[in-house]
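Here is a short report on one protein chain. Look through the sequence and the model first, then read on.

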Amino acid sequence: MDNKEKFTPEEQKAINKYSWLKTWFLLANGITLCYVNNTVKQGTYHLYLVTALLIASTVITVMTLATYFQKNRHIQKYKSRYSASTVLIIFLFMLHVFICKDYVMDIFAGEKTVITSEYSVLWGYFHTEIDGEEIRLNLPDETIKKLRDNDYIDSEEIYNFDTGTYYYKKKAHVTYYPNSRVLKEAFIEE
């Protein structure tokens, strides 16, 4: 008895193509999720890298949908399996767009610069409040050290209890992208 399933060469080609596209789609989304959630980002290239991953995911998603609608949905034996898989791919793609949209928006929106002598870097991130807006950025260790090396002011009140920030002698210049919170550069005035 032969347990091999019989497909036409065209169906087998469509099945193989769909499987490879689904694999590449999951790989692109996995890389994006790990990168966006586990990396402290400093530099403009992060915006372009995440955007490139989103573009790759978009191309793969479009190719997967085209393969599904042209060939795979007509394979009766696995019609429900391919339908469910395609719905999940669309759902994951929408999540991918949601995760990456801030990076894409920042390419077009540009950066913001904060110049302040009142900030905190004690917990591994830059924190300050400007005009009632709280700004919190995750920073690489070398940038935190650079901002932490700034001397406190010569006064008894070096800490602002309302905002949780310290008063420093020299101003810090922090340039970042407001939507994705990617740091472009940070330095202390000389």
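## Two loop residues

Asp 131 is found in the loop between β2 (125-130) and β3 (133-138). Helices and strands here are DSSP runs: H or I of at least four residues for helices, E of at least two for strands, numbered from the N terminus. Asp 131 is exposed, with a relative accessible area of 81%. The phi of Asp 131 is near 50°, a positive value in a residue other than glycine. Most residues other than glycine have a negative phi.

Arg 181 also has a positive phi, near 65°. Arg 181 lies in the loop between β5 (165-177) and β6 (182-188). Its relative accessible area is 30%, so Arg 181 counts as partly exposed.

## How the model was read

This is a predicted model: local features need pLDDT of at least 70, side-chain atom pairs count only at pLDDT 80 or more, and totals for chains, interfaces and linings use all residues. Residues are numbered from 1 along each chain as its sequence is written, and side-chain values use heavy atoms, with hydrogens and water left out.

## The whole chain

The protein chain has four helices and six strands. Along the sequence they follow the pattern α-α-α-β-β-β-α-β-β-β. The C-alpha atoms fill a box of roughly 90 × 35 × 25 Å along the principal axes. The radius of gyration is 25 Å, while a compact globule of 190 residues would have one near 16 Å. That radius is taken over C-alpha atoms, and the globule rule is 2.2 Å times the number of residues to the power 0.38.

Of the 190 residues, 36% count as buried. Take the contacts with a separation of 6 or more: residues 24 or more positions apart account for 66% of them. Contact means heavy atoms within 4.5 Å.

Which residues touch the most other members of the largest nonpolar core? They are Tyr 18, Phe 25, Leu 47, Val 50, Tyr 82, Tyr 103 and Val 182, in a core of 20 residues. Helices α1 (9-38), α2 (45-70) and α3 (79-109) each supply at least two residues of this core. The largest share, six residues, comes from α1. A nonpolar core is a set of buried Ala, Val, Leu, Ile, Met, Phe, Trp, Tyr and Cys residues joined through side-chain atoms within 4.5 Å.

Now follow Leu 47. Leaving aside neighbours within four places in sequence, Leu 47 is in contact with residues including Tyr 103, Ile 107, Tyr 177 and Val 182.

Thr 61 lies in helix α2. Is Thr 61 buried or exposed? Thr 61 is buried, because its relative accessible area is 3%. Leaving aside neighbours within four places in sequence, Thr 61 is in contact with Phe 25, Ile 89 and Phe 93. The C-alpha atoms of Thr 61 and Thr 86 are separated by 9.3 Å, and the two residues are 25 apart along the chain.

Trp 24 is found in helix α1. Trp 24 counts as partly exposed, at 48% relative accessibility. Its C-alpha atom is 22 Å from that of Ile 75, a residue 51 positions away along the chain.

Methods:
Buried means under 20% relative accessible area, exposed over 50%, partly exposed in between (1.4 Å probe, protein chains only).
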